[in-house]
Protein chains: 2
Amino acid sequence: MGDLKTALSDRAGAVEDILQTLLPSGNGPESRLFDAMRYSTMAGGKRLRPFLLVSAADLFAVPRRSSLRAAAAVEMLHTYSLVHDDLPCMDDDDLRRGQPTAHVKFDEATAVLAGDSLLTMAFEVLSDPETDPNPAVRIDLVSGLAKAAGAQGMCGGQMIDLLAENDEPDREAVERLQALKTGALITFSCEAGAILGHGSPEERRALRTYGDKLGLAFQIADDLLDAEGSAEDMGKAVGKDRDAGKATMVGLLGVENAREEAERLIADAVLQLDLFGENAMLLREVATFAIRRRT
Amino acid sequence: MGDLKTALSDRAGAVEDILQTLLPSGNGPESRLFDAMRYSTMAGGKRLRPFLLVSAADLFAVPRRSSLRAAAAVEMLHTYSLVHDDLPCMDDDDLRRGQPTAHVKFDEATAVLAGDSLLTMAFEVLSDPETDPNPAVRIDLVSGLAKAAGAQGMCGGQMIDLLAENDEPDREAVERLQALKTGALITFSCEAGAILGHGSPEERRALRTYGDKLGLAFQIADDLLDAEGSAEDMGKAVGKDRDAGKATMVGLLGVENAREEAERLIADAVLQLDLFGENAMLLREVATFAIRRRT
């Protein structure tokens with residue numbers, strides 16, 4: 001796993017360099033907004049979506065300056081979703097990765113605007129010729145990201161999740177919720193590599209399916225950490241999902257069955273990578289690593 | 001002005017038809033989100049930005065199915081900005097166009113998500129080949145809208161506006177605030193017509209400048225209505241901007257001087273249209289109409 005850890009850390013560093021360059025800065029009265037965007041985006045994290053995007057793009061020998069910019073756009077979008085989900089009217093979290101959340105560090109209005117701005121900026125970055133010289137590729141990325149993030153993707157998933165707190169959804173409903181809320185953006189991250197690399201429909205489909213399975217498995221792994229982990233490991237309050245009555249696979253299936261389900265999903269995900277042979281080694285390893293990171 | 005009123009009403013109807021078709025609907029648990037998106041988007045309004053976009057596109061004989069779709073995207077983005085600006089942590093408005101705002105009708109979390117979803121959907125609509133078959137045109141629209149709406153456009157303007165409540169900005173600062181907060185999207189609406197119509201750099205610049213001047217004039221007209229109008233005309237509480245200590249040109253210059261400034265801006269805007277001759281009659285008329293709608 002040494003190679004994987006090095007690759008994770010190298011790519012996180014590379015995407016953070018790009019994010020530093022792309023995020024706006026200035027001295028005008030709106031610099032408070034720029035500060036909040038930067039604060040939330042540069043607050044660390046595994047940079048998993050960028051890793052998936054860059055690793056998928058590497059299968060097609062996409063230039064890194066392209067894949068890293070697309071990865072930065074996805075990370076901006078992911079950050080916006082965290083900033084808005086943490087708001088008092090949503091999940092009301094004061095802490096994220098051990099640091100005050102944006103509305104605590106700044107204020108609610110600034111947090112809403114920082115999220116809005118990061119979401120908008122993701123599309124600005126994707127539409128820039130620096131990301132890819134071919135407009136057809138760029139518009140394909142924009143379209144895919146918008147679908148993954150919108151009312152019929154991530155936002156829809158968050159809506160369902162908020163309503164589920166007063167409800168007892170069954171397994172099908174929880175899987176759909178998570179496919180939308182966290183899965184859609186992970187799937188897009190994988191597919192974006194194939195878009196940048198002009199992959200065949202078969203390659204694109206394989207990466208999508210890999211992302212679908214991986215996304216569900218990661219969510220189970222997160223829920224297992226929430227159920228079992230310590231606050232120190234998580235950098236946030238633990239047992240909070242359970243206390244909030246959040247619908248999770250762990251809650252539905254129990255810890256042991258949920259863990260088995262995650263292993264099964266990862267095996268399915270890895271199967272999709274046969275198409276890419278040895279080149280897909282990092283994508284295989286990250287799948288296994290992510291669900292075992294506590295053991 | 002008979003032709004203008006008919007055109008305003010016809011185009012508002014046409015863009016509302018497209019919005020009805022584009023907005024998602026369904027019976028899943030996320031339908032609350034779809035309902036909130038539709039509630040806010042279909043709540044009426046002059047549909048000024050769509051009118052400008054379609055009228056500018058008409059100068060280049062752009063097919064209406066293209067310009068109306070782009071106009072619908074701009075109106076989604078405009079609606080998102082209203083929904084978020086009305087939130088308790090922002091301007092805290094309960095009423096908009098005489099109806100309860102989204103967070104009152106639904107709840108705060110749903111309003112945040114409906115805004116996020118409308119913003120995202122604007123980019124989805126622009127990226128769809130139905131909007132224009134040429135990917136280079138579509139990506140140009142995405143790029144322009146993202147720049148107009150983001151931290152260095154509309155969101156930045158809203159940040160400055162929130163901070164200005166505790167401040168006493170001078171004329172230059174107020175003009176910059178308004179150029180960002182409301183001007184950028186009006187300017188983009190005008191320019192988008194030239195993008196769809198493959199206008200020359202000169203034509204594009206003329207429509208941008210027309211939009212810049214018009215945006216500032218419209219804002220002054222709105223502020224005059226707020227200062228002088230009745231609650232019935234506005235569909236919202238009047239004098240609220242003044243009471244909230246909002247920075248406006250009317251507050252800075254006084255009613256009479258502000259009105260003269262608006263007239264001057266409109267004259268400058270209309271000058272830009274010489275390039276398009278008789279074809280630009282509606283754009284000329286709407287400029288004059290908008291600042292005189294109370295007289």
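This is a walk through a two-chain model, from one chain to the pair and then to a few single residues. The model is predicted, so to speak of local features a pLDDT of at least 70 is needed and side-chain atom pairs count only at pLDDT 80 or more, while totals for chains, interfaces and linings use all residues. Residues are numbered from 1 along each chain as its sequence is written, and chains are lettered from A in the order in which they are written.

Let's begin with chain A. Its secondary structure comes to 15 helices and two strands; here helices (H or I, at least four residues) and strands (E, at least two) are DSSP runs, numbered from the N terminus. The radius of gyration of chain A is 18 Å, close to the 19 Å from the globule rule for 295 residues, so chain A is as compact as a globular protein of that length. That radius is taken over C-alpha atoms, and the rule is 2.2 Å times the number of residues to the power 0.38. Along its principal axes, the C-alpha trace of chain A spans about 55 × 50 × 35 Å.

How much of chain A is buried? Buried residues make up 54% of its 295 residues. A residue is buried if 20 or more other C-beta atoms lie within 10 Å of its own, exposed if 12 or fewer, and partly exposed in between, with C-beta atoms placed from the backbone. Among contacts in chain A between residues at least 6 apart in sequence, 70% join residues at least 24 apart; a contact here is a pair whose C-beta atoms, placed from the backbone, lie within 7 Å.

Now bring in the second chain. The same surface serves both copies, as 100% of the contact residues of chain A recur in chain B.

The contact itself takes 43 residues from chain A and 44 residues from chain B. On the chain A side, α2 (31-41), α6 (108-127), α7 (135-149) and α8 (154-164) each supply at least two residues, and α6(A) gives the most, with twelve residues.

Nine of its eleven residues (154-164) are buried, so α8(B) is largely enclosed by the rest of the structure. Among those buried residues are M154(B), C155(B), I160(B) and L162(B). The buried residues of α8(B) pack against α2 and α6 of chain A, together with α4 (64-85), α7 (135-149) and α9 (171-196) of chain B.

Finally, here are some single residues. Which backbone angle stands out at R47(A)? R47(A) has a positive phi of about 55 degrees although it is not a glycine. Most residues other than glycine have a negative phi. R47(A) sits in the loop between α2 and α3 (48-58) of chain A and counts as buried, with 24 C-beta neighbours inside 10 Å. R47(B) likewise has a positive phi of about 55 degrees. By contrast, G251(A), in helix α13 (residues 249-253) of chain A, counts as partly exposed with 19 C-beta neighbours inside 10 Å.

Technical notes: Two residues are in contact if their C-beta atoms, placed from the backbone, lie within 7 Å.
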